[in-house]
Amino acid sequence: MSISHALGGVPLIMAEFIGYLFDAIILFATIRMLYGALRHVLEPRMAAGRTRGPSAAAGGASDVRGEMARDPVCGMFVSTELSHRLKSQGQTLHFCSEECLQKYRHKQRVAS
Ligand SMILES: [Zn+2]
């Protein structure tokens, strides 16, 4: 066969092995891509949780990265990149939704 020739005298078995390896890598990459796409679709909904969450996640090009912060109102963890932020006493608070943010603000107003 000419494959072994093209690879500069690599035995045919090696060429076949490399072929299999390529197949495996492509398969692996495909699975990873599918998994990534699936995660991308599912995660914003999970973050939204019980309350109606932000629809901002739809159409986001990049993966969800960054840190997780605890929503002080409902206690769930939200990505600091997708959260609704509120600067309070020098620190930034993260909320899962506009609702939680408003609840927190209301609570602060009542307390003080
Ligand atoms: Zn919340």
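Along the sequence they follow the pattern α-α-β-β-β-β-α. Residues are numbered from 1 along each chain as its sequence is written. This is a predicted model, in which local features need pLDDT of at least 70, side-chain atom pairs count only at pLDDT 80 or more, and totals for chains, interfaces and linings use all residues.

Next, colour by pLDDT, the predictor's confidence in each residue, from 0 to 100. The chain averages 81, and 71% of the residues score at least 70. Select residues 55-62, where pLDDT is below 50; beyond near neighbours in sequence, this stretch has three contacts in the model (a contact means C-beta atoms, placed from the backbone, within 7 Å). Where pLDDT is low, the predicted coordinates should not be read in detail.

Now select residues 84-88 and 91-95, strands S3 and S4: they run antiparallel and are joined by five bridges (strands pair if DSSP finds at least two bridges between them). Lys87 has Thr92 of S4 as its bridge partner. Two residues lie between the strands of this hairpin, and Gln89 in the turn has a positive phi of about 50 degrees.

Finally, select Val73, Val78, Phe95, Cys96 and Cys100, the largest nonpolar core: a set of buried Ala, Val, Leu, Ile, Met, Phe, Trp, Tyr and Cys residues joined through C-beta atoms within 7 Å. Buried means 20 or more other C-beta atoms within 10 Å of the residue's own, with C-beta atoms placed from the backbone. Leaving aside neighbours within four places in sequence, Val73 is in contact with Phe95, Cys100, Lys103 and Tyr104.

Terms used: A residue is buried if 20 or more other C-beta atoms lie within 10 Å of its own, exposed if 12 or fewer, and partly exposed in between; C-beta atoms are placed from the backbone. Two residues are in contact if their C-beta atoms, placed from the backbone, lie within 7 Å. Helices (H or I, at least four residues) and strands (E, at least two) are DSSP runs, numbered from the N terminus.
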